[in-house]
Structures are given as C-alpha cells and as structure tokens.
Amino acid sequence: MTVSGGRVLPDPEHRAPGRGAHLHPATECLQLAERRKAFPRAFKVPGPLDITLVREAVEQ
C-alpha cells in the first residue's frame with residue numbers, strides 16, 4: 001500500500017514510489033489497523049486517510 005492525496009492505495013506489485021506499508025489481506029486485520037489508526041502512523045502523515053480502495057481490495 002502507498003498513500004497519495006490523502007488516500008491509501010493498494011500496491012500489490014510493490015512498485016509505487018514512496019513510503020509503503022503492509023497489511024494482511026484479511027478483513028480482521030484491516031479493521032484492527034483502522035481501529036488503531038495505524039495508517040497515518042505507518043505513512044507518517046497527519047490526519048485521517050481514506051481507505052476505501054484498500055477495503056475493496058481486501059474484501060475481494
């Protein structure tokens with residue numbers, strides 16, 4: 001995963017530039033990361049991030 005414009009983007013090929021983060025492709029892991037506010041900390045950005053695209057990728 002990477003972040004761009006306040007959105008967390010799936011990066012299954014691990015090719016996107018910049019800081020990346022890993023998440024197990026399980027709904028439970030996504031819910032836990034969201035509850036712990038792990039995404040802003042992992043990407044070292046302030047404020048909430050939109051994880052809609054990651055949620056869709058995990059739920060598939």
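Contact here means heavy atoms within 4.5 Å, and the structure shown in every view is a predicted model.

**View 1. Overall fold of the predicted model.** The protein has 3 helices and 2 strands, and from the N terminus on these elements run β-β-α-α-α. Its C-alpha atoms fill a box of roughly 25 × 25 × 15 Å, taken along the principal axes. The radius of gyration is 10 Å, which agrees with the value near 10 Å that a compact globule of 60 residues would have. Buried residues make up 23% of the 60 residues, and among contacts with a separation of 6 or more, 49% come from residues 24 or more positions apart.

**View 2. The largest nonpolar core.** This core has 11 residues, namely Met1, Val8, Leu23, Leu30, Ala33, Phe39, Phe43, Leu49, Ile51, Val54 and Val58. At least two residues of the core are supplied by each of helix H1 (27-35), helix H2 (38-43) and helix H3 (52-59). In soluble globular proteins, nonpolar side chains tend to be buried together.

**View 3. Surroundings of Phe43 and Thr2.** Phe43, a member of the largest nonpolar core, is in contact with Met1, Thr2, Val3, Val8, Arg19, Gly20, Ala21 and Leu49 when its neighbours within four places in sequence are left aside. Thr2 lies in strand S1 (residues 2-4) and counts as buried because its relative accessibility of 8% falls under the 20% limit. With its own neighbours within four places in sequence left aside, Thr2 is in contact with Arg7, Val8, Leu9, Asp11, Ala16, Pro17, Arg19 and Phe43.

**View 4. Pro40 in helix H2.** Pro40 has a relative accessible area of 17% and is therefore buried, the limit being under 20%. Not counting residues up to four places away in sequence, Pro40 touches Val45, Gly47 and Leu49, and of these Leu49 is also listed in the largest nonpolar core. Between Pro40 and Glu56, which are 16 residues apart in sequence, the distance in space is 19 Å, C-alpha to C-alpha.

**View 5. The largest pocket.** Rolling a probe the size of a water molecule over the atoms shows where empty space is left. The largest pocket has a volume of about 260 Å³, and of the 13 residues that line this pocket, the closest to its centre are Met1, Pro10, Asp11, Pro12 and Leu23. The lining divides into 9 nonpolar, 3 polar and 1 charged residues. Met1 and Leu23, named among the residues closest to the pocket centre, also belong to the largest nonpolar core.

Notes. Residues numbered from 1 in each chain as written. Predicted model: local features only at pLDDT ≥ 70, side-chain atom pairs only at ≥ 80, totals over all residues. Heavy atoms only, no water. 1 Å grid on protein atoms, 1.4 Å probe; cavity = no way out; pocket = protein on both sides within 12 Å on 5 of 7 lines; lining within 4 Å. Points joined across faces, edges and corners; volume = space filled by probe spheres on them. Nonpolar A, V, L, I, M, F, W, Y, C, P; charged D, E, K, R; others polar. Core = buried A, V, L, I, M, F, W, Y, C linked by side-chain atoms within 4.5 Å. Buried < 20%, exposed > 50% of the residue type's maximum accessible area, 1.4 Å probe, protein only. Helix = DSSP H or I, 4+ residues; strand = E, 2+ residues; numbered from the N terminus. Rg over C-alpha atoms; globule rule 2.2 N^0.38 Å.
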